[in-house]
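Me: Please present the structure, then take me through its helix packing, its annotated site and its salt bridges.

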Amino acid sequence: MALALEQARLAWAEGEVPVGAVVVKDGEVIATGYNRPIGRHDPTAHAEVNALRAAAEKLGNYRLPGCELYVTLEPCIMCSGAMMHARLARVVYAATDPKTGACGSVVNLFDEGRLNHHTGVLGGVMAEEASSLLKAFFAERRAAARKLPGPDAAAPEA
């Protein structure tokens, strides 16, 4: 998870929401990824999807059996679906996401018995560190937004 947090910091450095992900197979890191939807103009460029794509490329297979994905924020529905399609063995996440979390915060896709693949889930690993990073990012964004002149601000004199 520490490596996923490093990936999250890379996202922050690019102005993206700081979420990072790492794919591990047989105890070895095979891929990393971080949030890049803004920079890539791609709504699917979440950390998890970027890491899954890199892992699939490395293994030469869209299926990732025996792999685990570590991510700093509870996955959304899109990412959870991608993990199940990849046949991940397990997803481990840090902070919960009460707005879009699909591992139990809003819905639990991984507990849906009607689906044909069941990925294991473990949440709360290094949750405080991940949560603190996200809170600091959004506090910085709010502070920067308060410094912007409003629409009624006088034009600067030449």
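Reply: Helices (H or I, at least four residues) and strands (E, at least two) are DSSP runs, numbered from the N terminus. The model is predicted: local features need pLDDT of at least 70, side-chain atom pairs count only at pLDDT 80 or more, and totals for chains, interfaces and linings use all residues. Residues are numbered from 1 along each chain as its sequence is written, and side-chain values use heavy atoms, without hydrogens and water.

Me: In which helix does Glu48 lie, and is Glu48 buried or exposed?
Reply: The UniProt annotation "active site", from an unreviewed entry, covers Glu48; such annotations may be inferred rather than shown by experiment. Glu48 belongs to helix α3 (residues 47-59). Buried means under 20% relative accessible area, exposed over 50%, partly exposed in between (1.4 Å probe, protein chains only). At a relative accessible area of 4%, Glu48 is buried.

Me: At what angle do the axes of α1 and α5 cross?
Reply: Axes are lines fitted to C-alpha atoms, for helices over the stretch in contact, and angles run from 0 to 180 degrees between N-to-C directions. The axes of α1 (residues 2-13) and α5 (residues 127-147) come within 11 Å and cross at roughly 5°.

Me: Which residue forms a salt bridge with Arg36?
Reply: A salt bridge is a side-chain nitrogen of Lys or Arg within 4 Å of a carboxyl oxygen of Asp or Glu, and the structure holds 4 of them. Arg36 is partly exposed, with a relative accessible area of 24%. At 3.4 Å between the closest N and O atoms, the partner of Arg36 is Glu14.
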